[in-house]
Amino acid sequence: MRYSGFKIFAQGLTGNKGWKANWRQPEPKDSYDIVIVGGGGHGLATAYYLAKEFSINNVAVVEKGWIGSGNVGRNTTIIRSNYMLPGNEPFYELSMKLWEGFEQDLNYNAMVSQRGILNLYHNDAQRDGFIRRGNAMQLAGADAILMGRDEVKEMYPFFDFQSSRFPIRGGLWQKRGGTVRHDAVAWGYARKADELGVDILQNCEVTGLRLEDGVCKGIETSKGTIMAKNVAVCVAGSSGRVMSMAGLRVPIESHILQAFVSEGLKPVLSGVVTFGAGHFYVSQSDKGGLVFGGDIDGYNSYAQRGNLPAVEDVCEGGMAIMPMIGRARILRMWGGTVDMSMDGSPFIDKTDIQGLYFNGGWCYGGFKATPASGWCYAHLLATGRPHEVATEFRLDRFRHGHMIDEKGVGAQPNLH
Ligand SMILES: Cc1cc2nc3c(=O)[nH]c(=O)nc-3n(C[C@H](O)[C@H](O)[C@H](O)COP(=O)(O)OP(=O)(O)OC[C@H]3O[C@@H](n4cnc5c(N)ncnc54)[C@H](O)[C@@H]3O)c2cc1C
């Protein structure tokens, strides 16, 4: 079913009885060409681009819960391509370009909103770092504008410019950054992948990887064995658990990251803003709630709920830049399990086990990467070669010393 304004009008006249389910509920087949483990944004995007770009549709996406139950439906919806290192920036810029055509490509309203993202800086050294980052972004074809204090003040006059501890000196502005409604991304990809013949198997947990003579031949699931020529793992916060089924240890720790939504307010924040002297980022949803988050909780866990000290830290960050946020009440909050890699950058790679592929290590920034991650993973699975913008996302980069240490903080997930 193709969605359009006319369709909404026609359905309205006929009692909205003609809408169809977005995807089927098929039973698993005995075997597939490719089985994707994990029905998050990245897994579903991979399935869609495999079918659309490479005409491979004998594919199943195996999801232990329901579509959207993982981080794809738990994040703070921010998209941007303001990275600096050559291993990262072209990849995130490809993702930004795919977001720009996302709704037309998928015929799905995902509320892509390029409302801009402003990274605040608070001292001269940080400003110099942002100038360097902005230049690197422009060299990779992205947009970046350096703003001074007065320009920021014009945009957000209610920020605390007088703070003696973290005075706001300016910001790096990426106009094309913004937000996208997160669960609509999962639903949009699921709907289109299904339409192209992909089987989406919900409530089907992968309990084992079937290895024969060192080759991955399929998966064991709560609904039985499924054979596959290739198995593509894409489970974000469960990366360590699933890869250990093949006896592999990945350089990833699982941590909790929380998100918060305030009660609805009148329009106050036109774009996304990030604090430069701590971990805090905020935007305002179309319903009026301030959507914000901060640092990871700082202990390893697979639980999808957070702890109170992190709440205090996030709210402190918010108070430091916009004290009036203290008058807004938090309406709801939740946690997601994020896959923190040791240099803060992801992996899209083959493993040493034939037929087994891995995509993970997205830390707390993988939502913005969803389209490019799916595209590049599909490219790797279909051609056996990494996509040109994802050549650095290798599993062996720590062995060879080619880390992509965007923040220069080393192997400390809590600092990335
Ligand atoms: C609170 C929070 C805020 C965030 N904010 C942002 C942001 O503003 N911008 C941004 O770019 N990124 C953000 N992120 C990060 C982003 O959400 C993730 O990096 C990204 O969603 C991960 O990829 P995914 O969508 O494929 O993961 P998921 O949606 O988690 O998908 C993985 C799936 O694998 C499934 N799975 C796990 N184990 C198994 C198994 N054994 N068998 C079958 N299925 C299994 C899970 O159920 C899950 O559905 C945030 C994350 C959180 C938690």
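**Note on the predicted model**

1. Residues are numbered from 1 along each chain as its sequence is written.

2. Ser-4 sits in the segment before α1 (5–13). Helices here are DSSP runs (H or I) of at least four residues, numbered from the N terminus. Between Ser-4 and Val-272 the C-alpha to C-alpha distance is 29 Å, and they are 268 residues apart in sequence.

3. The domain assignment gives domain 1 (24–78 + 182–252 + 343–415) and domain 2 (113–177 + 254–340). Their centres, taken over C-alpha atoms, are separated by 29 Å. Domain 1 puts 18 residues into the contact, and domain 2 puts in 20 residues (contact: C-beta atoms within 7 Å). On the domain 1 side, seven are nonpolar, ten polar and one charged (Asp, Glu, Lys and Arg are charged; Ala, Val, Leu, Ile, Met, Phe, Trp, Tyr, Cys and Pro nonpolar; the others, Gly among them, polar).

4. Helix α2 (residues 41–54) packs with helix α7 (residues 182–195) at about 30 degrees, their axes 9 Å apart. The two are therefore roughly parallel (angles under 35 degrees).

5. Residues making the α2–α7 contact include Leu-44, Tyr-48 and Ala-51 of α2 and Val-185, Tyr-189 and Lys-192 of α7. By class, the contact has ten nonpolar, one polar and one charged.

Definitions and conventions:
Predicted model: local features only at pLDDT ≥ 70, side-chain atom pairs only at ≥ 80, totals over all residues. Domains from an automatic or database assignment. Contact = placed C-beta atoms within 7 Å. Axes fitted to C-alpha atoms, helices over the stretch in contact; angles between N-to-C directions. Parallel < 35°, antiparallel > 145°, perpendicular 65-115°, else oblique.
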